[in-house]
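Have the sequence and the 3D view open side by side while you read.

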Amino acid sequence: MKLVYFAWVRERIGTAEEVVEPPRGVDTVTDLLGWLRTRGEAYDHALSEPAAIRVALDHDHADHDTPIAGVREVALFPPMTGG
Amino acid sequence: MPQIRVAIVSEPLDITAEIERVTAGRGDIGAVVTFTGLCRDEDGRLEALELEHYPGMAETEVRRIAEQAAKRWEISDVTVLHRHGKVKPGETIVLVVTASKHRHAAFESAEFIMDFLKTHAPFWKKEHTAAGAVAWVGAKASDDEAEERWNNAD
């Protein structure tokens with residue numbers, strides 16, 4: 001699964017994208033965020049307030065309780081500020 | 001079906017050219033509404049805004065919003081253009097052009113598009129100040145409220 005990060009999420013994690021293989025039991029976006037936070041201080045800092053993280057699954061906005069099975073690209077980013 | 005044009009571009013936006021493109025050779029359009037979102041200088045404090053976007057999703061999401069507007073109102077043409085990269089104070093960040101037979105559809109659909117674009121289109125603004133500081137712009141609760149009212153209306 002490909003992960004892509006934007007804005008301060010990208011800056012705090014320190015990379016724009018990566019490919020990961022989440023372990024068994026990581027079923028939803030919430031699970032994924034929790035698992036990512038165990039991967040190091042930078043992740044824990046970037047994702048310390050899960051409610052502030054917006055998610056898109058294969059380019060579609062998704063809630064944190066959405067299952068991630070079969071998803072190719074997960075994007076994590078702060079609330080949007082375009083326009 | 002209405003014409004929908006969406007583009008995420010790094011070049012300056014030309015409102016006159018867009019209006020002309022929409023109305024050229026058309027006798028059925030009675031109203032064109034344009035919204036122009038500009039980069040403010042924040043009382044001289046701001047040097048530039050840097051607009052980051054999600055290249056795989058930004059255009060798709062903006063098009064989705066334009067299509068929703070086209071379903072909800074009788075509009076014959078929708079244009080949404082958004083800048084990415086560095087934008088200086090006074091430059092246009094976003095341009096929305098809606099055209100219809102009558103003004104209400106054009107006014108309301110343009111406002112709807114902007115309200116959803118603010119909360120759903122994957123763009124993020126970073127401020128570069130004249131003093132050399134750099135900071136991400138925070139999202140506003142008022143933008144969420146502006147979007148919410150369309151869910152409650154009719």
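Take the contacts in chain B between residues at least 6 apart in sequence: 78% of these join residues at least 24 apart. (Two residues count as in contact if their C-beta atoms, placed from the backbone, lie within 7 Å.) For chain A, residues 24 or more positions apart account for 51% of the contacts with a separation of 6 or more.

Before going further, a word on what you're looking at: this is a predicted model, where local features need pLDDT of at least 70 and side-chain atom pairs count only at pLDDT 80 or more, while totals for chains, interfaces and linings use all residues. Residues are numbered from 1 along each chain as its sequence is written, and chains are lettered from A and ligands numbered from 1 in the order in which they are written.

## The two chains in numbers

Here are some overall values, with the principal axes setting the box directions. Buried means that 20 or more other C-beta atoms, placed from the backbone, lie within 10 Å of a residue's own; with 12 or fewer it is exposed, and in between it is partly exposed.

| Chain | C-alpha extent | Buried share |
|---|---|---|
| Chain A | roughly 35 × 30 × 20 Å | 28% of 83 residues |
| Chain B | about 50 × 35 × 30 Å | 34% of 154 residues |

How do the chains compare with a compact globule? For the 83 residues of chain A the rule gives a value near 12 Å, and the chain has 12 Å, which agrees. For the 154 residues of chain B the rule gives a value near 15 Å, and the chain has 16 Å, which agrees too.

## Chain B: a sheet and its helices

Chain B has 4 helices and 8 strands. (Helices are DSSP runs of H or I with at least four residues, strands are runs of E with at least two, and both are numbered from the N terminus.) Along the sequence, they come in the pattern β-α-β-β-α-β-β-β-α-β-β-α.

Now find the open sheet of 4 strands, ordered E1-E4-E6-E2 with mixed pairing. Strands pair if DSSP finds at least two bridges between them. Strand E1 (3–9) and strand E2 (31–38) of chain B are at the edges with a single partner strand each, so one side of each has no neighbour in the sheet. The twist averages 5 degrees from one strand to the next.

Which way do E1(B) and strand E4 (residues 75–83) of chain B run? They run parallel, joined by 7 bridges. Gln3(B) has Asp77(B) as its bridge partner in E4(B), and Val6(B) has Val80(B). E4(B) and E6(B) run antiparallel, with 7 bridges joining them. As for E4(B) itself, 9 of its 9 residues are buried, so it is largely enclosed by the rest of the structure.

Helix H2 (residues 58–72) of chain B lies across E1 and E4 of chain B, at about 155 degrees to E1(B). (Axes are lines fitted to C-alpha atoms, for helices over the stretch in contact, and angles run from 0 to 180 degrees between N-to-C directions.)

Is helix H4 (residues 141–152) of chain B in the open or enclosed? The number of buried residues among its 12 is 0, so H4(B) lies largely in the open.

## Chain A: the other sheet

Chain A comes to 3 helices and 5 strands, in the pattern β-α-β-α-α-β-β-β. Its open sheet of 5 strands has the order E2-E1-E5-E3-E4, with mixed pairing. Strand E2 (17–19) and strand E4 (60–62) of chain A are the edge strands, each with a single partner, so one side of each is left without a neighbour in the sheet. Here the twist averages 25 degrees from one strand to the next. Strand E3 (residues 54–57) of chain A and E4(A) run antiparallel, joined by 3 bridges, and Ala56(A) stands opposite His61(A) in E4(A).

## Where the chains meet

Finally, look between the chains: 22 residues of chain B are in contact with 14 residues of chain A. On the chain B side, strand E6 (92–100), helix H3 (103–120) and strand E7 (123–129) each give two or more residues. H3(B) gives the most, with 5 residues.

Notes. Rg over C-alpha atoms; globule rule 2.2 N^0.38 Å.
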